[in-house]
Amino acid sequence: MTTPRSESAAPANTPRTRAKARHILDNYYIGPARDEAVLEIWGYTPRFTYAPGDTVALHVSTTAAAWDLEIGRDGADYHQVLRETGLRGTYQPTPADCSVKGCDWAVSYEFTIPDDWQEGGYLLTLTAERGGDRVEEHHLILVRRAPDLPAAPYLLVCATGTWLAYNCWGGSNHYQGITGPEGNEFAPVVSTQRPWTRGFCKLPEGAPRAVPETPHVPGGMVRYPYMEWAYAYGYSKKYASSGWASYERHFARWAEMQGYELDFATQHDLEADPDLLSRHKCAIFVGHDEYWSANMRHAVDRFTENGGRVARFAGNFLWQTRIEDEGRAQVCYKYNAAQDPLLGTDQEHLTTAAWEVAPVNWPGTKTFGANGLQGMYTGFGRCAGQGSGGYTVYRPQHWAFEGAQLGYGDQLGAMSRIFGYEVDGVDYRMEDGLPYATGSDGADPQMQILALGLATNIEPDHGVWGETIYIGDGDVVFKAEAMHGEVTPETIDRSARGNGVIVHWQRGQGEVFNAATCEWVMGLTRRDWQVERVTRNVLDRFRA
């Protein structure tokens, strides 16, 4: 069986070395220069989330003699809350396997979260200067509401499982890497004890997204503008796939401007505190939430069954993970699940494979109403690259569409390109012009499919001279083997087709609204009033 390419190793990328990046499929990563002659500064915190009264330990390595720190709340407006200058700089050697086992740096600075810090995302800006040169890098922490205060109605749960999976800092993530016998394999284990790669915490305005602002033009060479931009400016090419800056930040800022009262947590908080969601009326998931542990899912399932409301504006629910070493490591063997040590044991249901396949056999439809392998790519490269960028509406009379001026067959979100770059789908049948869940994939047949779009697991190669196809056929080969047991022309054909859905599901005493696309947040940031209206309809109903 052919599996998706493990990209070859490349040098750590900084503004001084980015010219060495070779090819679109190289393992182009951000990391330490490991050279005291190079001016640099990096930092991380042991945890993602803190509350008032907690002490934050900041681990920093810099080749400068001194460094400055600024912390600001990254909300509807940026608000500085702390600034320190002239902190003593220390260069801390970084292990070669830091992306797997952590940096193990000493604590450089500590501070206590004051009682008056409002819940939200807080951007930590680290700067250093030497010889007239200046460098700036960023870290992010989430601050939760103090536990003795009344809970906010909404909890925005940040997709830290996916942040970790895409974080290329130090050389390896769950996609490419410098591990394995030849130093060119992705890492099934990644550490939380390292900085975030460049672009995950802060991005310049106008940084390209994975879904271009206009459809692909027939006859032209396929382009991946966000990768080209990343190479040119020294950012990780994974910035458009994950992180606060590309996803959760957009939703948090919009919600704050609209007056919605959010608290903040991470998927890893659900792992550590299974009852966390019960304090809130509505749990919100946005952006790209591809990676989940079983405990995270169980927390959502219990919440919904017991009357909680789930609003998911996210896509690509695909891989099971395990959280180990007291939260310091995330495990996901993915395509190499046959190497997972739990396979063949009494715990093999926790094997880190795709949710729909054996031995996991727990399709995403059981939690959110849609499956990752039944969706996949759209609006990305040549993967349905000429699509409208929106959903086709089938049930405009549903309460979620009230006031949005949508009719049967209209496109929702095409103006703002919300459909992509990865989506989740469901097996359905068409009856009298309406889609119905068949239930063959674990979905509740009573679930309502409100809108649909087409997706694919294969990026077609039209033989354009000089063109490099990024996705290719690796994912469709994997799906054919995983879902149908063999790779044949027939199973490849069956596995190539997918869809993305908007669904509403009455589950237990609660309910789920799932707009199963990564790019929904662009409808909010680009002020697509119909997307905004649907979002408000969902949030307003789920607060009641």
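1. In this predicted model, E431 is partly exposed, with a relative accessibility of 41%. The side chain of E431 meets that of R429 in a salt bridge, with an N to O distance of 3.2 Å. R429 likewise counts as partly exposed, its relative accessible area being 38%.

2. A salt bridge also joins E511 and R541, whose closest N and O atoms are 3.4 Å apart. This pair links distant parts of the chain, since E511 belongs to strand β27 (residues 510–515) and R541 to helix α10 (residues 529–543), 30 residues apart. E511 is buried, at 2% relative accessibility, whereas R541 is partly exposed, with a relative accessible area of 34%.

3. The side chains of R198 and E137 form a salt bridge with an N to O distance of 2.7 Å. R198 lies in the loop between β12 (189–191) and α3 (225–233), and E137 lies in strand β10 (residues 133–143); the pair therefore ties together parts that are 61 residues apart in sequence.

4. For the structure as a whole, the number of salt bridges is 28.

Terms used. Residues are numbered from 1 along each chain as its sequence is written. This is a predicted model: local features need pLDDT of at least 70, side-chain atom pairs count only at pLDDT 80 or more; totals for chains, interfaces and linings use all residues. Side-chain values use heavy atoms; hydrogens and water are left out. A salt bridge is a side-chain nitrogen of Lys or Arg within 4 Å of a carboxyl oxygen of Asp or Glu. Helices (H or I, at least four residues) and strands (E, at least two) are DSSP runs, numbered from the N terminus. Buried means under 20% relative accessible area, exposed over 50%, partly exposed in between (1.4 Å probe, protein chains only).
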